[in-house]
Amino acid sequence: MTSPFKREPENGLIIVSIEIDDKYELKMVLDIGATNTTIDSNALYLLGYDLKDNIGTVIIETANGIIETEVFELDSFSSLGLTKKKFQIQVYDFLAHDILSDYNGLLGLDFFEGTKFCIDLKQNTITLT
């Protein structure tokens with residue numbers, strides 16, 4: 001399956017649409033340097049999730065240092081024609097850490113577990129097999 005993506009002209013970021021629980025669509029940055037998918041806690045809260053209902057926390061290392069994130073299990077998480085059921089996602093408060101972004105998070109490599117994918121920067125497409 002091949003899906004187009006958008007690239008931001010000023011910084012080259014790959015922007016993809018994601019869908020949570022078959023009803024909420026958000027924009028994320030595809031980050032092949034990120035091990036785990038991460039969403040802004042404010043976006044998750046606005047979707048109706050209660051932030052105290054996390055299933056745990058993890059310590060991760062980012063470019064800005066070591067941080068603690070909450071972990072949520074989403075019923076369904078989809079992007080680029082691929083759907084993951086009971087997908088665990090890291091949740092981090094972007095605003096509390098002075099991260100101002102037009103996007104709701106990062107789509108990490110954990111989402112692609114068990115798939116082969118090819119990013120074509122000439123055609124701006126991603127092919128999953």
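**View 1. Aromatic pairs in the predicted model.** The structure, a predicted model, holds six aromatic pairs, where the rings of Phe, Tyr and Trp (its six-membered ring) count as paired if their centres lie within 6.5 Å, as stacked if their planes are under 30 degrees apart, as edge-to-face if over 60 and otherwise as tilted. One of these is the edge-to-face pair of F77 and F111, with 5.5 Å from centre to centre and 70° between the planes. This pair links distant parts of the chain, since F77 belongs to strand 7 and F111 to the loop between strand 9 (105–107) and strand 10, 34 residues apart; helices (H or I, at least four residues) and strands (E, at least two) are DSSP runs numbered from the N terminus. Both F77 and F111 are buried, where buried means under 20% relative accessible area, exposed over 50% and partly exposed in between, with a 1.4 Å probe and protein chains only.

View 2. F87 lies in strand 8, 24 residues from F111 in the loop between strand 9 and strand 10, and F87 and F111 are buried. One aromatic cluster is formed by F77, F87, F111, F112 and F117.

**View 3. The largest nonpolar core.** A nonpolar core is a set of buried Ala, Val, Leu, Ile, Met, Phe, Trp, Tyr and Cys residues joined through side-chain atoms within 4.5 Å; the largest one here has 26 residues, and those with the most contacts inside it are I20, I39, F77, I89 and L107. Elements that give two or more residues to this core include strand 3 (14–20), helix 1 (41–46) and strand 8 (82–92). I39 touches, among others beyond four places away in sequence, I20, L26, I89 and F94, contact being defined as heavy atoms within 4.5 Å.

**View 4. Q123 in a loop.** Q123 is placed in the loop between strand 10 (117–120) and strand 11, and Q123 is exposed, with a relative accessible area of 54%. The C-alpha atoms of Q123 and G108 are 21 Å apart in space, while the two residues are 15 apart in sequence.

**Notes to the views.** Residues are numbered from 1 along each chain as its sequence is written, and side-chain values use heavy atoms, leaving out hydrogens and water. In this predicted model, local features need pLDDT of at least 70 and side-chain atom pairs count only at pLDDT 80 or more, whereas totals for chains, interfaces and linings use all residues.
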